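Here is a short briefing on one predicted model. Look at the sequence and the fold first, then read the notes.

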Amino acid sequence: MDANLLSSYIFAVVVLNVLLGLMAYMTYFERKVMAAMQDRVGPNRTGPVGLLQPIADGIKLLTKEDIIPKHADRRIFLLAPLLSFVLAPVAAAVIPFGDSINVFGHEVNLYVADINVAALYFLAIGSMGVYGIILGGYASANRYSLLGGLRSAAQVISYEIILGLSLIGVFILSGSLSLVEIVSQQSETLNLGPLQLPNWFILSQPLAFVIFLIAAVAETNRAPFDLPEAETELIGGFHTEYSGFRFSFFFLAEYISMIIISLFAATIFLGGTDGPIRDGVWWLAIKAAIFLFFYIWLRTTVPRFRYDQLMGLAWKVLLPLVLINILLTGFIRLWGLGML
Amino acid sequence: MLESYAAIGMMITTAFFMGGSLLLLGWLIRPNKPNPAKEQPYESGVPDVRPPRGRYTSRFYIVALLFVIFDIEAIFLFPWAVAFDQLALYGYVQILIFIGILLFGLLYEWKKGALEWA
């Protein structure tokens, strides 16, 4: 194994572990923020201000019995959570966390892979996560699980189209699918007369950004689009029959997806590691944290959509809007290049 | 380039082993006392009499069909967007016609009620 591949691999292992740690504290962060918004205290018994709560939760889930329902399709039932869990964090492979750094005299790139179809890879891996959900729902042999799995599949494939199409405008402007290239283009400065702005794609693609944000919430099955696990009608949805650590794998996958899609949105629309002073991974972290806070804020504020509203929003509102956005962006780009 | 994919492959393998070792750890320390009552599928505390994998609405199939159509559209648009500056006006007019046909199709589906859920 040569040095470059080895350093990429070591960075991949670091990313995986950091994501798992972040995910654990994301649950704590969510509970604390929701508690504050609902005028409660939140977890405060385990460790100082409840900081050991995620560890206690992990140990509890690990020591719980793993119940397999009688009619379940055992092999699929056992493998589905693992599939969700494996596919969620590997989407982070293409996200650039900054320029290369020097470790013991060796240049280490702060990304696992810079491939020329990075954005496509991200979307592909992100939508594969639905397999874990639909297989888990099917294999449970419970009608609530099955319906939750089907709903989730229909929702994710509908919003996946919106998610992919909303990015087309950005790719027209960047001329590249590589996230490293997209970030480097955004670090340039935009001169608008006396005004100096960063060349972030949120400024040139505001409509695409809003649509992307909505689709991202639906894609990760979060409130107000958390219909696959709507407690009031489907008990627990696709994970009704799951218990112990397999149950927690679905949650790990959901939270890791949230973190990664926040990182991706920050990279594509908000300039990634670009900041007003000292570019670096901290800017990416701040921007992603804003998105994550927004997720929690939405959950405490907006009531759940009805299923027909959810599908209607995707196909009747967002789809025509993204198509118009693509054509408009193309037209303005042509006009700007003087090709009309 | 191939090296990048090798790194991604290794990342997937590592994630798989991390998940597998967590499950193995759980298997070693958790209790395992199955009994028939526990293994019943959940149905609000009453015995389940209907077959668990019953029928469900055909709407899901329609959504799947729509997805295939528009996902292929998205895949066509990706290379066009990347090569936008080179293709210039010629490419733009072609995509205009392409999206126009698909928008017409979407309107037709809308009118036929394929997008209504209720």
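Two strands count as paired if DSSP finds at least two bridges between them. Helices (H or I, at least four residues) and strands (E, at least two) are DSSP runs, numbered from the N terminus. Residues are numbered from 1 along each chain as its sequence is written, while chains are lettered from A and ligands numbered from 1 in the order in which they are written. In this predicted model, local features need pLDDT of at least 70, side-chain atom pairs count only at pLDDT 80 or more, and totals for chains, interfaces and linings use all residues.

**The hairpin**
- Strands β3 (residues 189-192) and β4 (residues 195-198) of chain A run antiparallel, joined by four bridges.
- A:Thr189 has A:Pro198 in β4(A) as its bridge partner.
- Two residues lie between the strands of this hairpin, and A:Gly193 takes a positive phi near 65 degrees.

**Overall fold**
- Chain A holds 13 helices and four strands.
- Its C-alpha trace spans about 65 × 55 × 45 Å along the principal axes.
- Of the 340 residues in chain A, 52% are buried (20 or more other C-beta atoms within 10 Å of the residue's own, with C-beta atoms placed from the backbone).

**Confidence**
- Chain A averages a pLDDT of 84, and 98% of the residues score at least 70; pLDDT is the predictor's confidence in each residue, from 0 to 100.
- Where pLDDT is low, predicted coordinates should not be read in detail.

Technical notes. A residue is buried if 20 or more other C-beta atoms lie within 10 Å of its own, exposed if 12 or fewer, and partly exposed in between; C-beta atoms are placed from the backbone.
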